[in-house]
Amino acid sequence: VVLVVAAAAGWFLVIAPKSGGEQGPKAGAVLPLDSQQINLAAGHYLRVGIALQLTDKAPAEVDGSKALDATIGVFSGLSIEQVTKSGNRDALKKKLLTEIEHRYPDEVMDLYLTEFVTQ
């Protein structure tokens, strides 16, 4: 009897799938946006393209203009060193994702850089 009780307790406490917990958003469609050219400092520029990973809660038609505006805001005026230095691209991508998630609550869960060219 003790062995059966211990096995049942182990199943419910350890092995059984957890239920009722907060589920994160599920991935929906990917929305690619047109690449844009952004002015950097000292006459340089960045051509960047992004695609938004939408959630399953996003409407069928999503206007990408808020994401493009956020992209301009994050990258404009930076030096070429700030956008090309190792590790900075990931940090800038995270900052951009935070801005975009703020503008599209419960609609965007990730973003992809589809083009990233500096000159």
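Visitor: Let's start with His102: is that residue buried or exposed?
Guide: In this predicted model, His102 counts as exposed because its relative accessible area is 64%, which lies over the 50% cut-off.

Visitor: And where does it sit?
Guide: His102 belongs to helix α4, the helix that covers residues 88–103.

Visitor: How far is His102 from Ala70?
Guide: The two residues are 32 positions apart in sequence, and their C-alpha atoms are 10.0 Å apart in space.

Visitor: Take Leu96 then, what does it touch?
Guide: Leaving aside residues up to four places away in sequence, Leu96 touches Ile50, Ala70, Thr71, Val74, Phe75 and Leu111.

Visitor: What about the largest nonpolar core, how many residues are in it?
Guide: That core has 24 residues, and the ones with the most contacts inside it are Ile50, Leu52, Phe75, Leu96 and Ile100. Two or more residues each come from β3 (45–55), α2, α4 and β4 (108–118), with β3 giving the largest share, five residues. As general background, nonpolar side chains in soluble globular proteins tend to be buried together.

Visitor: Stepping back, how many helices and strands does the chain have?
Guide: There are four helices and four strands in the chain, and along the sequence they follow the pattern α-β-β-β-α-α-α-β.

Visitor: What share of the chain is buried?
Guide: Of the 119 residues in the chain, 29% are buried. The accessible surface of the chain comes to about 7,900 Å², and carbon and sulfur atoms account for 56% of that surface.

Visitor: Last one: what percentage of the contacts is between residues 24 or more positions apart?
Guide: Counting the contacts in the chain with a separation of 6 or more, 68% are between residues 24 or more positions apart.

How values were computed. Residues are numbered from 1 along each chain as its sequence is written. This is a predicted model: local features need pLDDT of at least 70, side-chain atom pairs count only at pLDDT 80 or more; totals for chains, interfaces and linings use all residues. Side-chain values use heavy atoms; hydrogens and water are left out. Axes are lines fitted to C-alpha atoms, for helices over the stretch in contact, and angles run from 0 to 180 degrees between N-to-C directions. Buried means under 20% relative accessible area, exposed over 50%, partly exposed in between (1.4 Å probe, protein chains only). Contact means heavy atoms within 4.5 Å. Accessible areas come from the Shrake-Rupley method with a 1.4 Å probe; for residues, only the protein chains shown count as cover. A nonpolar core is a set of buried Ala, Val, Leu, Ile, Met, Phe, Trp, Tyr and Cys residues joined through side-chain atoms within 4.5 Å.
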